[in-house]
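Visitor: Hi! Could you walk me through this structure? I'm new to looking at these.

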Amino acid sequence: MKRHLISAGDLSRADALLILDTAEELAGLADRPIKKLPTLRGRTVVNLFYEDSTRTRISFEAAAKRLSADVINFSAKGSSVAKGESLKDTALTLEAMGADAVVIRHGASGAAHRLAHWVRGSVLNAGDGTHEHPTQALLDAFTIRRRLRGDNPRGAGLDGLRVTIVGDVLHSRVARSNVLLLSTLGAEVTLAAPPTLLPLAVGSWPCAVSYDLDSELAKSDVVMMLRVQQERMTAAYFPSVREYSRRYGLDAERMARLPGHAIVMHPGPMNRGVEIAAEVADSVRSTIVEQVANGVTTRMAVLYLLLGGTEFPATGEA
Amino acid sequence: MTDHESWLIRGVTIAGSDARTSILLDGGAVTGIGPDLDHPGARILDADGLIALPGLVDLHTHLREPGREDAETVQTGTAAAALGGFTAVHAMANTDPVADTAGVVEQVWRLGRAAGHCDVQPVGAVTVGLNGTRLAELGTMADSAARVRVFSDDGRCVADPLLMRRALEYVKAFDGVIAQHAQDPRLTEGAQLNEGEMSARLGLAGWPAVAEEGIIARDCLLAAHVGSALHICHVSTAGSAEIIRWAKSKGWPVTAEVTPHHLLLTDELADGYDPVFKVNPPLRTADDVAELRRALADGTIDCVATDHAPHPVEAKETEWSEAAFGMTGLETALRVVQRAMVDTGLLDWAGVADRMSVRPARIGRLTGHGVPLGPGAPGHLTLYDPAAPATVVTPDGASKSRNTPFAGLELPGRVVATFLRGVPTVLDGKLT
């Protein structure tokens, strides 16, 4: 996967650390009055969004603009996509316009893979169906490292940290990317979910699995809550939202059983009162707002490295 | 092509024999076999090193006409069949309009006769419009000029157990067989890829083996209960083979087919999300492939059927979940079977003749096809060079579509000639 960032699994430990360390360098920029670097002046980044995701789109947009790139936002709504243009034809159009990078969000797993066959520029996967969302995992790793590895975490991995990811793993691109990236960085990942919301073959993943959230709390350094979709209930993944919340929701009582240093994460958007209680989301343990800020920084690092000519894997073979 | 052309095929090895001999084709039939044959006026074909098989019979072909002539026509599909060594194909019913009336099956049959590359035996739909609610006029299709004996809603499963029971019972009146596409619809809602490690990693909705195996088990029990002939289309899992083996051990009237692609390819190929590997039923695991080969070798699975499913380029140049299911297969079937079954020592050439000609013709109730080569046999035969490996390239061949999963792969063998009623449809690997 050279030139592109499609799966967190394509990143070696060295690649991931390079991105996180670059993000640390760039983080200082956010505190300056002028938050802009000239690095990508004259380069064009296209945000190709087939799904509504304002938060991810503006995060990528802010990241590209802070590096002085020209940004074109291409939303499926109101574009030729609504008239039935194929992904390939859209790709060829973007190619003809000279896109140096295409950031794609798409409802179909593998859309970023396919796009990479049809454009010469870099492809950044901003979420493809139920497959992956690698920049979310990078910003999560960045957030964990900052909170739990001290003020100057450059060069540090996440070795030995215990991360529990809770909820709808089966349909979650955030979970897939995080399992791959966090384990690459040395974290011990546990997935906690009802069996219906775990892939049948989850045993082949580099993580542990638990059906019981309560037994995982006391040993977790990080608890990452996943958004649960109401429509999963009608497809019999669980009996009711109330029961889901009772068994797998993070409320104040459960939060109190976490170690004192433990943090609570959520990729957003949250269903307050379902997978996460309001007092948890708003507590000092919560990194949810930091994750948003770190998202811009981490995506800047990825754009900077990809468009600056760095190929992943940066070290040896994938 | 004159009516009374005769051919003397010299130096050929008949599948199942070790000795080289000659075959004389005259008046549309095999009139002689022996090393010292001579026939003044006959055209000579030097077949040194070639294997002669009875003309191949495909139980499962999508010719797409009427309705999707952009993907394939009876003309192009049967030309592809001839190039693959086939002398008869069964044309599946999921056309537009659906082949659920005598009118449509007769049209397809006539188009096949006009094309002349191979015999076309239409398959009739089990239910009106393949909708799974009401039986199509099975008897009328059986009585039509198309003489339909195989009925299938292929592409869709006859999921309603009562309707399946009635269909099985009803076709007994005219020695029909119901060919089931075994796929529980509820267990495969939105399914994209075999449920396992690959689907979990790729984030594609899983297609569980049990969705196939559950229907097969149910239908075997139904076939036994009413004493009717059941044929299972494109068996794809080890568990399915095990259930069929059990049903056959009971003496129940169950037959089954496997596709060439399920004998060679696995779900690992979905890694790059290239929809050329998207097919229904999905590619499974290496363990399934090994078990399907074993089941074909021991006769649990009766025959190879291509499930040749042509699609235009735009149906595959898309996101995986948007892409059409299906692969072409007529032109590569015999070569794939050589690689998966013969070169691995699982099946000899007599076995290939049995699984790709004799048994599919018997299951399809196709008289005049699938007759082992011998004096008096119909003049349908395939001459094959097993020692001519080549890389599959697209576009190539006669099919209108190029959605072959074997592109870029080196496959053994080459179909050199195909004879239909004693007349070549293919010579030197080219259409006549």
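Visitor: Is the crossing where helix 5 of chain A passes helix 6 of chain A left-handed or right-handed?
Guide: Helix 5 of chain A makes a right-handed crossing with helix 6 of chain A. Do keep in mind that this is a predicted model.

Visitor: At what angle do the axes of helix 5 and helix 6 of chain A cross?
Guide: Roughly 55°, and the two axes come within 8 Å.

Visitor: Switching topic: how many residues of chain A are in contact with chain B?
Guide: 20 residues of chain A are in contact with 17 residues of chain B. On the chain A side, helix 4 gives the most, with three residues. That side divides into seven nonpolar, eight polar and five charged residues.

Visitor: And what domains does chain B have?
Guide: The domain assignment gives domain 1 (7-51 + 378-431) and domain 2 (55-363). Their centres are 26 Å apart, taken over C-alpha atoms.

Visitor: How many residues are in contact between those domains of chain B?
Guide: 27 residues of domain 1 of chain B are in contact with 40 of domain 2 of chain B. Strand 16, strand 19 and strand 20 of chain B each give two or more residues to the domain 1 side.

Notes: Residues numbered from 1 in each chain as written. Chains lettered and ligands numbered in written order. Predicted model: local features only at pLDDT ≥ 70, side-chain atom pairs only at ≥ 80, totals over all residues. Domains from an automatic or database assignment. Contact = placed C-beta atoms within 7 Å. Helix = DSSP H or I, 4+ residues; strand = E, 2+ residues; numbered from the N terminus. Nonpolar A, V, L, I, M, F, W, Y, C, P; charged D, E, K, R; others polar. Axes fitted to C-alpha atoms, helices over the stretch in contact; angles between N-to-C directions. Left-handed = near helix turned anticlockwise from the far one by under 90°.
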